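Student: Could you show me how to read the places where chains meet in a model like this? I'm new to it, so please go slowly.

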Amino acid sequence: MSNAPAYTEVQARSYLAFWRTPFFRAFLSSPSGFLALFLTGMLLATALLAPLVLTREEIYQRNVRRRLEGPSADHVLGTDNLGRDILKRTLYATPLTLQLALSAAGMAIVIGFAAGAATAYLPGRLRNMGVRLLEIMLAFPGILIAIMLVAVVGTSAEGAVLAIGIAFSPSLARVAYTLASGVAGLDYISSARVLGLSSRRIVFRYIIPNIAETLIVVSFNATASALVAVSSLSFLGLGVQGTQFDWGRLITEGVLRLYQVPLLALAPALAIGITGLTLGYLGEALARGLNPALWTQTAAIQSRTWLQRYFSSEYMLLTGATLLLVAFYFLPWFSPDALDPNRTLVTGAKILAGDTNLAAIATGSQVAMLLLRTGAWIALLLGLLSYFFLRYRRFCAYLGLICGLCAGSYFLSFLLADSASLGTALASAQLGFYLGVGATILLILQVVSDKSRQTRGSPDDIPAPSQASAVEAPVSQAQPLLQARGLTVRFELESGSISPVNDINIDLAEGEIVGVVGESGSGKSMTALALAQLVPHPGVVSAHYVRLRGEDITRMSAGQLRYFLGSEMAMIFQDPMSSLNPALKIGTQLTEATRVHRRVSGKALRKMALERMADVHISAAETRLKQYPHEFSGGMRQRAMIAMGLMNSPSLIIADEPTTALDVTIQAQIIDVLREINQEQGTTVLLISHDVGVIIEICSRVLVMYAGRIVEDVQITELMTADKHPYTEALIAAVPAFDSDRDEPLASIPGRPPDLDNLPSGCAFAPRCPYVFERCRQEVPALLHVDDNHRIACFLRTEALEDAQA
Amino acid sequence: MNKLEARDLVVRYGQLTAVDGVSFGIPAGGTLGLVGESGSGKSTIARAIVQLAKTARGQILLDGKDITYAHGADLREIRSRIQMIFQDPYSSLNPRLSVGAMIDEVLQRHRDLTAAQRRQEVSRLLEMVALEPMFAGRYPHQFSGGQRQRIAIARTLASQPELVILDEVVSALDVSVQAEILNLLRDLQREFQLSYLFISHDLSVVRYMSDSVSVMYLGQIVEWKETEELFKQPQHPYTQGLIDSIPKMIVGGDPQRIPLRGEIPDPHYPPPACRFHTRCPFGPLAYSERSACRERDPHLQIDKSRHYAACHFPLVKKELL
Amino acid sequence: MTLRNESNSGIMAWLTGRLGPWPRFLLKRLVSLFVVLAMLLVLTFLLIYLVPGDPAVRKAGIDASAEQIEFERKALGLDQPVHVQFIRYVQGVARLDFGTSFITKQAVTEILQQRFPRTFQLAGTGLLIVMLVSVPLGILVGALTREGRNRRLEVVFMSLTSTTSAMPEFLTATFLAFIFAVTLNWLPVGTTQKSTAIILPAISVSLRPVASLARVVRLETLNVLAQDYIRTARSKRLPAYLIFMRHLLPNVLTAALTIGGLVFAGLLGGTVIVENVFAWPGLGQRVVDAVFNLDYPVIQGIVLYFGITVVLINTAVDILLALVDPRTLVLSE
């Protein structure tokens with residue numbers, strides 16, 4: 001017995017902690033989660049309370065004198081052809097409709113998932129047949145299959161559920177099959193099997209958690225579809241029979257009298273729409289809750305409270321828009337003066353101010369309606385004003401908030417209007433409104449503080465690249481082909497701005513092969529893209545100048561740039577399969593740029609293409625040109641890429657990891673091709689690679705990059721002998737050489753490359769450098785000449801020179 | 001005695017014979033390197049040993065005991081003794097399990113420990129691979145590639161294996177991280193007397209890790225030798241070609257190297273007789289009198305129990321040719 | 001079963017081994033077309049046995065005498081063994097003879113010929129709207145929101161399409177009818193002969209597919225734009241129209257076409273509902289009546305008509321796909 005209090009304590013704590021569980025945090029990480037929670041609560045409350053609160057009498061009692069009335073205080077949405085309250089009937093139909101939809105969806109999900117998973121584990125041929133069968137079944141419209149099935153099982157609510165459950169299962173089976181067969185081949189499933197884990201554990205800890213997200217989203221969407229389908233059948237008269245009614249059946253009645261009382265059809269139709277949205281949001285939010293990537297991410301980003309995040313998100317627009325839609329859809333039918341802002345505003349304001357006289361003559365639901373109108377009008381006016389004049393998105397959020405609170409208070413007062421006293425209704429409505437006002441003030445304060453923070457760190461102030469570097473003499477003695485000064489690439493991200501390429505200078509002489517080497521994340525590929533003006537959004541390239549053949553490409557118009565770079569520069573990328581368009585013939589891809597830039601066509605163009613194919617040693621070029629990329633082997637594709645680059649006889653080829661995706665024997669062949677082209681056609685090559693061996697083999701000079709900067713620029717001949725940057729040294733040492741002692745441990749570089757959004761002050765390599773001293777941690781070393789052909793950015797190597805100069 | 005031995009192993013995927021009559025042995029406490037281009041069947045061998053792929057023919061022996069078709073309790077025991085680490089550290093860890101949980105479940109399965117002991121063991125294993133014990137609560141996506149590979153290693157060690165299959169474990173990593181992982185693997189091998197089957201396409205890494213090396217081509221082992229010997233004096237032209245293809249840190253490239261022609265043929269339709277004759281720089285393409293390569297399978301003429309090169313005209317000395 | 005299957009595939013392999021890629025592809029499509037049609041025939045035939053109650057009683061009427069029922073049973077051929085019935089049924093279908101309706105005593109063929117064109121007209125117009133609206137819309141929004149540009153537009157697009165695709169056809173139809181026919185009185189509803197009468201039903205039936213297809217097209221556009229070969233095309237400095245027309249559009253269209261068949265099937269299903277809202281004189285109303293009264297010659301006829309249409313459209317889509325994208329020929333093997 002003594003354990004009992006402790007037990008409840010634990011329970012209480014875990015109950016409290018639920019709101020702080022990673023699942024729930026991730027669930028609420030997007031406003032749609034909040035919305036889902038709210039809407040689901042409303043829906044469940046309605047489904048549970050409606051049969052208890054509303055009496056059968058209210059629902060079925062005919063009152064022919066008051067038939068087909070518009071909205072009034074007694075009947076908020078008006079009455080149907082037998083004088084019954086439309087809103088009450090719609091609410092009353094909620095539990096039955098949900099029950100039918102959920103059972104149909106549940107059936108479809110159980111049958112579908114079981115069949116799909118079973119198909120995935122069938123042996124080869126049977127599986128193919130199963131998949132084929134699924135595809136055939138999928139091709140037929142689900143609702144039509146359901147109608148046929150209703151014919152078989154009989155027209156009744158149960159029949160409709162059964163028919164839809166069966167008709168919808170193929171699409172779910174297909175999803176389950178795809179997921180199950182996709183997951184089975186994954187590495188972590190293989191490793192779980194190798195680890196000897198039991199099948200049960202693999203299924204419950206490895207497979208299900210990893211497909212749960214998709215299954216949940218799909219299941220909830222299927223439930224929404226089942227709701228629509230059940231309603232459709234009922235609408236057609238093939239579902240719910242007798243005196244029972246669901247939303248679909250209510251719509252049937254309504255459509256007949258659409259001209260007289262539109263709300264008769266619109267109210268249940270809207271109920272279906274809202275429920276469908278709720279299911280969609282709920283599925284998404286649940287799936288988010290199950291994603292561990294969001295558990296930690298939200299914890300990290302959530303230095304602000306979730307409420308603040310909620311309001312700052314753009315998705316609030318959606319919430320606002322939806323609620324506004326709901327509110328305004330009902331407005332016109334309430335009374336003719338509903339759209340008169342003067343009257344509504346004045347009356348509403350009076351009630352809110354606590355004018356009990358007005359309240360005394362009005363009923364609870366009238367008060368509520370007035371409040372709704374008032375709130376909606378204020379929201380609309382403020383929202384539009386702020387959106388168009390201030391262009392600030394948070395005001396849209398505010399708009400949604402007010403609408404939501406008004407709708408909520410309205411709903412509450414409606415529920416209380418008949419049973420409880422008018423005072424309670426009024427009080428609750430006022431409470432809702434003032435809460436809204438309070439939240440609005442908070443919001444405005446936050447917006448203002450955010451704005452002031454923003455002006456301090458405007459995104460435009462990209463620091464100008466340092467002037468000192470611009471005046472440096474070019475490295476190479478030969479005619480410079482390419483000169484880039486102060487090349488910088490900057491990305492503005494939510495978490496701050498980063499510079500993958502930071503103020504670098506590059507000189508390429510005519511006919512050189514220059515390598516760029518560095519670890520992943522060092523900015524070498526981004527440098528290539530920056531030179532080619534192909535940096536992806538939202539990256540911004542800035543530079544003092546980038547001169548190719550003496551012409552500054554940073555100052556060219558888009559048209560000039562296209563023509564100039566189109567003929568002077570070519571690029572080769574890492575993966576030749578994905579870099580070639582799979583739907584176009586090699587010939588087309590090879591020739592299209594020449595056709596555009598040089599206006600060559602016909603035989604001359606074909607002859608050129610054949611020559612280039614010969615340059616890269618592709619035999620049977622005639623037939624090859626007519627083939628598609630999938631008919632080429634990996635090495636052949638990369639050759640074709642190179643041939644494509646050569647078509648316009650460019651002066652510069654930028655090759656971004658051209659051999660990384662290839663086997664070593666093919667890598668050697670491609671390197672030979674590049675070298676040949678360089679020697680025979682004098683084309684300059686900028687070769688980006690993570691492989692020091694490749695660089696040494698083919699390049700005459702190498703640029704070593706670390707954390708977005710060039711730390712060394714050295715001739716290959718000096719690379720193995722001269723004093724180098726410590727990073728270069730470490731990089732070379734880490735490669736297992738062919739003549740190294742196998743008993744010695746490999747040299748490695750301790751630590752990890754720095755995150756670009758958190759660079760250390762001073763030299764970026766300092767935290768990993770074995771020779772680090774005080775100055776390294778405070779100043780960023782400049783890239784300086786240690787001799788004519790050798791530049792290093794390291795105090796260890798340059799300090800002596802600086803002293804000598806001083 | 002060999003820790004693991006494969007005899008005349010054949011593995012098929014439908015019509016494709018991915019591994020075609022392969023034999024090798026992994027010495028206890030030693031490392032066998034398995035090297036070859038993509039599509040040579042080296043990963044399939046790994047998968048066959050751990051029964052992720054079905055062996056069509058042949059035998060796999062662990063400590064002399066046939067485990068080719070082991071199942072039930074036998075298989076479970078073997079699972080704890082033979083472990084495998086995969087190439088891609090991003091996809092081989094279950095994203096839904098915390099690091100601690102994924103090591104813990106292996107301990108639960110294979111070791112008889114109390115919960116408290118297991119918690120201690122998780123910390124110890126993480127420390128062993130140079131990770132902080134407090135990382136146990138984190139999820140895979142919070143780690144870098146090298147760290148993930150360390151986690152995979154820690155998880156593997158949890159079952160106290162005798163043989164670990166390393167399938168391209170460093171191919172996805174940067175060179176500096178690669179060095180760290182290789183050093184770690186060698187330290188662990190010494191400490192726990194582990195046997196390794198080290199699979200890689202990178203000859204220089206294989207050389208560093210292995211005691212002996214098997215070179216694969218189109219589902220067959222074409223040469224099998226002590227590491228030093230293989231690199232000094234390769235006998236099979238394909239081995240020579242592979243070695244030549246590797247950048248040697250020689251400025252301007254190795255002038256003596258003899259490049260291989262073409263690419264690996266479609267494994268669905270391997271060339272008859274010697275499978276390498278379509279690319280061999282010393283075969284019938286270069287020397288018309290060497291028609292034997294087109295007619296007879298060199299594999300049939302060798303004794304598979306010792307080190308060999310499957311070639312009718314093995315290279316004697318480079319200078320002679 | 002397995003054995004026959006094996007020999008069957010052996011013959012197929014033998015046949016296909018001797019043909020070029022195109023004839024091989026067409027042959028395979030043709031074979032699967034016939035398999036599906038055969039399945040359809042068997043299923044519709046079985047409907048008689050699955051539907052509860054005695055068809056003869058149903059046809060003769062509830063208060064019919066035993067002789068009358070026996071007469072109807074003979075007339076329907078229900079006294080014959082099953083396989084004879086099936087052969088008769090297939091022969092009937094081949095002659096386009098589905099029997100007569102139990103209720104209206106009208107020939108089913110006649111009903112179908114009167115009404116199916118109207119349904120097809122509705123679904124066809126719907127498909128036209130879907131393709132003409134969703135493909136350009138999806139591509140445009142995709143191009144504008146690539147690489148995370150224009151977040152605001154993306155949010156608006158996503159919320160609009162998700163709301164629309166959650167709206168059932170009869171809801172859209174009711175709303176549209178209310179706004180345009182009842183309130184504004186711009187467009188006619190129902191059985192009028194005016195050519196504008198198709199506008200509202202066609203929009204109602206196509207709104208949901210427009211939204212879902214536009215989302216698919218946008219995703220596919222984003223996907224294609226993120227491909228390496230688009231970067232290659234940009235690195236070749238091709239003018240925007242070439243990148244768009246030659247590198248983007250075919251790949252996006254392939255995706256749109258792939259689900260085009262499914263979209264059409266969905267549209268056919270949607271017509272049943274929409275026809276009932278707008279009193280459109282297609283098969284929609286008849287199918288509901290037929291199911292309600294278990295008038296299964298009519299049900300059989302309608303199912304067959306719908307089924308054959310869907311199968312033919314899907315085959316056409318497959319062939320079109322192969323024309324647009326040469327990889328399909330290889331991948332289908």
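Student: How many salt bridges does the rule find across the interface of chain C and chain A?

Tutor: A salt bridge is a side-chain nitrogen of Lys or Arg within 4 Å of a carboxyl oxygen of Asp or Glu. Across the interface of chain C and chain A, the rule finds two. In one salt bridge, the side chains of R246(C) and E592(A) meet at 2.7 Å, N to O. Keep in mind that this is a predicted model: local features need pLDDT of at least 70, side-chain atom pairs count only at pLDDT 80 or more, and totals for chains, interfaces and linings use all residues. Residues are numbered from 1 along each chain as its sequence is written, chains are lettered from A and ligands numbered from 1 in the order in which they are written, and side-chain values use heavy atoms, leaving out hydrogens and water.

Student: Which helix gives the most to the side of chain C that touches chain A?

Tutor: Helices here are DSSP runs (H or I, at least four residues), numbered from the N terminus. The top contributor is helix α11 of chain C, residues 240–278, with twelve residues.

Student: And how many residues are in contact there?

Tutor: Contact means heavy atoms within 4.5 Å. By that rule, 70 residues of chain C are in contact with 77 residues of chain A.

Student: What area is buried between chain C and chain A?

Tutor: Buried area is the accessible area (1.4 Å probe) that two parts lose on being put together, summed over both. Here we get about 6,600 Å², with carbon and sulfur atoms giving 71%. R152(C), F170(C) and R237(C) supply 12% of what chain C buries against chain A, more than any other three residues.

Student: What about chain A and chain B: how many salt bridges are counted there?

Tutor: Between those two chains the count is four. E228(B) and R742(A) form a salt bridge through their side chains, at 3.0 Å, N to O. On the side of chain A that touches chain B, α30(A) gives the most, with eight residues.

Student: How many residues of chain A are in contact with chain B, and what area do the two bury?

Tutor: On the chain A side, 66 residues are in contact with 68 residues of chain B. Together the two chains bury about 5,800 Å², and 54% of that is on carbon and sulfur atoms.

Technical notes
Helix = DSSP H or I, 4+ residues; strand = E, 2+ residues; numbered from the N terminus.
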